[in-house]
Amino acid sequence: MWQVSAVLGAVLETPPELDRLQGLLDSSGAGAGEHLRSIITDERRLDAPGLCAGLTGMRLLTVATVTADGRPLTGPVDGYFLHGAFWFSTSSHSVRARHLSARPVISVNHVPDDHFAVSAHGSATVFPFLGPDTNELRQAMLDHYLPLQGPSFRDWLDGLIDGVAVRVDAAKLFVFHMSS
């Protein structure tokens, strides 16, 4: 199994969270179809610590939700991998939030290049953005955007009274990693 050797930033996962994540990676891989297993071979897998190290900081995700008539709808979000799960924020009035309120099924993909891809499929848990469950997401967003946008970003973030935070509770998690 491939492991990332250099930690790119702070990893927040506790040993029990890493164990849970490793179990999810293992069960997802074991349940994958023959075609996917032929692509994500043992040499192209990451273990839980390697995955967490490779997903520090902001990562662009493509989020898929489902419309009332069963059509998929995708769009990009700024995502963060915190405690073994993807998180992102949006407005409570967004189409995405309305979909997730009615149908919490979700898939997310992070594919920065042809050497690394992460796909998570499961359900979404929605939290008020300015609530106690979202402090680490808020801090991750500040860590990323304050250096880029300055103090005005904190003011904007603190004003998200209609914002929601979404945690992706993955039932399946597939990771492809190939050294360049």
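Serine 94 sits in the loop between E3 and helix H4 (95–102), with helices (H or I, at least four residues) and strands (E, at least two) taken as DSSP runs numbered from the N terminus. This is a predicted model, where local features need pLDDT of at least 70, side-chain atom pairs count only at pLDDT 80 or more, and totals for chains, interfaces and linings use all residues. Residues are numbered from 1 along each chain as its sequence is written, and side-chain values use heavy atoms, leaving out hydrogens and water.

**Serine 94**
- With a relative accessible area of 18%, serine 94 is buried (under 20%; exposed is over 50%, partly exposed in between, with a 1.4 Å probe and protein chains only).
- Its side chain reaches the backbone nitrogen of alanine 97 at 3.0 Å.

**Aromatic pairs**
- The structure holds four aromatic pairs (Phe, Tyr or Trp rings, using Trp's six-membered ring, with centres within 6.5 Å; planes under 30 degrees apart are stacked, over 60 edge-to-face, the rest tilted).
- One of them joins phenylalanine 81 and phenylalanine 86 edge-to-face, 4.9 Å centre to centre with 65° between the planes.
- Phenylalanine 81 is buried at 8% relative accessibility, and phenylalanine 86 is buried at 2%.
- The rings of phenylalanine 153 and tryptophan 156 have centres 5.6 Å apart and planes at 35°, so that pair is tilted.
- Both residues lie in helix H6 (residues 151–158), three residues apart, or about one turn of the helix.
- Phenylalanine 153 is buried too, at 5% relative accessibility.
- Ring pairs tie Tyr145, Phe153 and Trp156 into a cluster.

Terms used
Polar contact = N/O pair within 3.5 Å; in protein donor to acceptor, adjacent residues only side chain to side chain.
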